[in-house]
Amino acid sequence: MIEIKHLQKTFGEKHVLKDVNLNIPKGKTTCILGGSGSGKSTLIKCLIGLLEVSGGQILVDGRDITKITSEVKLAALRRRFGYLFQEGALFDSMSVGQNVTFGLKYLTDVPEKDYPKIIKEKLALVGLREDVAKLNPSELSGGMKKRVSLARVLAVEPEVILYDEPTTGLDPIMSDIISDLIIDLKAKLGVTSIVITHDMHSAFKIADYIAFLYEGNILLYGTPEDFRKTDNPYVKQFVTGSSHGPIQMKLMKE
Amino acid sequence: MFASVGRYVLNVLNEVGGSADMLRSCVFWLWRSKFEWRQTVEQSVNIGVNSFGVTALTSLFTGMVLALQAGNTIGSIFGDPIFVGTLVTFSLVRELGPVLTSVVVSGRAGAAVTAQIGTMAVTEQIDALYTLGTNPIRYLVIPRMVAFVCTLPVLTLFSNLFGVIGGYLVSVYALNVPGEVYLTDITSFVDIEDFMHGFIKTFFFALMIGTVCCYKGISTRGGAEGVGKSTTGAVVTTIVLILVLDYFLTAILTAFGI
Ligand SMILES: Nc1ncnc2c1ncn2[C@@H]1O[C@H](COP(=O)(O)OP(=O)(O)O)[C@@H](O)[C@H]1O
Ligand SMILES: [Mg+2]
């Protein structure tokens, strides 16, 4: 449903994305792998128009969204996407409950009297009890923050969910719980998911397809099985998490 | 040397352009969407309550010191401290009331606005607003701009009042000027134009403080350090601009006979 063609993004002199080509199939989970600073967040921010692209196309259902300039049309497009931010990005001046229902006021016609029901339902969906709703974001642990943030995304019922490093900074058990949650949501709601990660364990568990982003290009695209069997030294090094290999040599040359 | 001056000038031009852009989208969104009443009232209360105590105190002492200086100087020339009320009130309502109040408000409330919006920017809360269907200009900037424009003039009114009271206290108790004389000095020589001269300025100061502080907040990058930088940057910029703007506003307003 989403086709990324020759996508480029530069910040000043820095070419972060050089030529990214990628298809995101509907109803599947696509993982984007890559090292820190390789431009993963940049890539998905381009997808929902938080960043302006420097070149190339992004087709959503055949329509090029990089050509949309009207703020109103862009808002209509963003409505179909949910974005789970890396640190949660919860509004710290509001309670958990207000955070969860924030998008409803602007994106939907849901009457305010239904909000308590939605809060309860969405918190349950991410495995949190209703009484969390009264807390402030500063009172939550890292894992809870991510789950509340996910509940906020789910409240507006998006077709596509973009996860920015959903398991980074969490302990292994919480990481696995979040991975299960992503699988669960795909099964229950049939959403299309794009998951950015450098957590190989999680990627192999949740992904239908994996894309490896390296130096601004997609180096390898395939199923988790393809990634396990690959001969590509770069991908192999990343998958096994070794400090010895071509990636480090590249780093030293710079 | 030239390169760094050039870079500095480019930087400033860039920021001016960015601020102008933000102001333009403020106007765009002001007419096109539901007005955020709750946010606006909340922010006005914040700014007003935040700054009232400090502005009252500064203006009280400003009035006192003005009276003391005027009394001593005039006393040593004419032998008698005459026209103290006139001098104090004249200086206050035309210049010191608006300027000092604006400076205090920018240091107190302006810094808080930049720090808050800046923190939201570096923790991706601003991006989150976009993804949840809310334009941050509409949701964050406009309410704060309106709050500044509504509260700064009111705070200035109180500052003027407290300054005049401070002058009264010093005149009566330190300079032995009768209270009635101090008050008639005010009513017979200071007129409504003098008051308007200062009052009109406050709207421009408020608009400038709102613009600079919100823009610095929104354009914050680079974590906690970035928030610190943009907050001090916002305060320094607004204070300098208040004084610069004050000169030009005075020139323009007097040209119009106010
Ligand atoms: N707004 C920005 N301005 C300038 N450079 C940026 C900006 N956002 C990201 N970058 C740079 O782009 C590169 C990729 O960033 P990012 O997409 O966040 O990487 P990651 O893969 O870790 O998510 C980094 O080197 C970062 O410094
Ligand atoms: Mg990132």
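Predicted model: local features only at pLDDT ≥ 70, side-chain atom pairs only at ≥ 80, totals over all residues.

Mentor: Helix 5 of chain B gives the largest share of the nonpolar patch, 7 residues. The patch on the surface consists of Phe52(B), Val154(B), Phe158(B), Leu161(B), Ile165(B), Tyr168(B), Leu169(B), Tyr173(B) and Leu183(B), and together they have about 810 Å² of accessible area.

Trainee: Why does Leu161(B) count as partly exposed?

Mentor: Leu161(B), which has its place in helix 5 of chain B, is at 48% relative accessibility. Buried means under 20% and exposed means over 50%, with partly exposed in between, and therefore Leu161(B), at 48%, counts as partly exposed.

Trainee: How do you know that the buried residues of helix 6 of chain B line one face of the helix?

Mentor: The buried residues of helix 6 (residues 179-189) of chain B are Gly179(B), Tyr182(B), Asp185(B) and Ile186(B). Seen down the axis of helix 6 of chain B, these buried residues fall within an arc of 135 degrees, so they line one face of the helix. On the other side of helix 6 of chain B, Glu180(B) and Thr187(B) are exposed, while the cover over its buried residues includes helix 3 (84-122) and helix 5 of chain B.

Trainee: Which residues have the most contacts inside the largest nonpolar core?

Mentor: They are Ile2(A), Leu162(A) and Ile194(A), in a core of 73 residues, to which helix 5 (residues 136-173) of chain B gives the most, with 10 residues. Apart from this core lies another, of 48 residues, among them Leu150(A), Ala151(A), Phe212(A) and Phe227(A).

Key. Residues numbered from 1 in each chain as written. Chains lettered and ligands numbered in written order. Heavy atoms only, no water. Core = buried A, V, L, I, M, F, W, Y, C linked by side-chain atoms within 4.5 Å. Buried < 20%, exposed > 50% of the residue type's maximum accessible area, 1.4 Å probe, protein only. Helix = DSSP H or I, 4+ residues; strand = E, 2+ residues; numbered from the N terminus. Patch = residues over 30% accessible without salt bridge, like charges linked within 9 Å, V, L, I, M, F, W, Y side chains within 5 Å. Areas by Shrake-Rupley, 256 points an atom, 1.4 Å probe, with all protein chains shown as cover. Salt bridge = Lys/Arg side-chain N within 4 Å of Asp/Glu carboxyl O. Arc of directions from axis to C-beta. Contact = heavy atoms within 4.5 Å.
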